[in-house]
Amino acid sequence: MIGSKIIHLESIDSTNNYVANLVKEKTIVNGTVILTDEQTAGRGQRGAEWSSLSGVNLLMSVYYEPANLSVEYQFYLSKFVALSLVGFLTSKGLNAKIKWPNDIYVNGKKIAGVLIENQLSGSNIKSSIIGVGCNVNQTDFGEINATSLKLECSGFVPVDEVLFGLIQCFNKNEGLLTNFKLIDSIYHSNLLGLNEERLFLVNGNRVYGKIKSVSQEGKLNVIMNDNLNSFDLKEIAFVF
Ligand code: BTN
């Protein structure tokens, strides 16, 4: 069960790094959650940093061993995590959407991000480090297009409430990892911009397109100028 063991740290470089070290030492059990008040070198996707004010946001990593998940389906872990975040935020009354691949947006602003790092064994995923950063009580993000639960729910939200609510959603959704058809359909119905004409950045050019789907491998399928194109993470960006 996810969250059967929770380790709360005051400060650490990155909860994903902390889990990676425990994995190396073989001293971590499936489902362990690491939580910290502060990260000194928090990491985001594409090598970016993840910065957060101390003590006000959810900064956590889950160590998870999927039962029988082949590498070619690793994107289903992203879908599972994104849907769990959407599930929790929806329970708080928010209109949360997944911005492909697994950023979570509320009212056009990012509220949570996910960094998943998998350990492979042959063609299977042996274990996964699922890092989640969720803005809870931070209200100033400078130039960054971000929001938080406090801003969206108009009031303080205990970080623990988000932690335990999210853990509950993880456990509720775990079964989806064995039902790709169902997870795909729920993922698409929560996908930001599906079938909407939107502006994207492709090779430095602004192009209009319509998201049609996300493939099993996690590629974004977009119709542009009547052609269906398939993009991976580094090849396309949203223009807001
Ligand atoms: C992103 O949107 O770029 C992903 C952000 C992921 C941030 C979380 S915070 C907890 C965990 N530890 C890290 O160093 N990163 C993830």
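Guide: Two strands pair if DSSP finds at least two bridges between them; strands (E, at least two residues) and helices (H or I, at least four) are DSSP runs numbered from the N terminus. The model shown is predicted, so local features need pLDDT of at least 70, side-chain atom pairs count only at pLDDT 80 or more, and totals for chains, interfaces and linings use all residues. Residues are numbered from 1 along each chain as its sequence is written, and side-chain values use heavy atoms, leaving out hydrogens and water.

Visitor: What makes β5 and β6 a pair?

Guide: Three bridges join β5 to β6, and the definition asks for at least two, so the strands pair. They run antiparallel, with Ile104 opposite Ala112 in β6. Two residues lie between the strands of this hairpin, where Asn107 takes a positive phi near 50°.

Visitor: Why is strand β2 described as largely enclosed?

Guide: Five of the seven residues of β2 (residues 33–39) are buried, so the strand is largely enclosed by the rest of the structure. Buried means under 20% relative accessible area (exposed over 50%, partly exposed in between; 1.4 Å probe, protein chains only). Six bridges join β1 (residues 6–12) to β2 in parallel, while three bridges join β2 to β3 (residues 58–64), which run antiparallel. Leu35 stands opposite Met60 in β3, and the bridge partner of Ile12 in β2 is Gln39.

Visitor: Why is Asn221 called buried?

Guide: Asn221 has a relative accessible area of 12%, which lies under the 20% limit, so the term applies. Asn221 is found in strand β10 (residues 220–224).

Visitor: What makes the link between Asn221 and Ser230 a polar contact?

Guide: The side chains of Asn221 and Ser230 make this contact at 2.8 Å. A polar contact is a pair of N or O atoms within 3.5 Å (within protein, one must be able to donate a hydrogen and the other to accept it; residues adjacent in sequence count only if both atoms are side-chain atoms), so the value qualifies. Leaving aside neighbours within four places in sequence, Asn221 is in contact (heavy atoms within 4.5 Å) with residues including Lys210, Val214 and Leu228.
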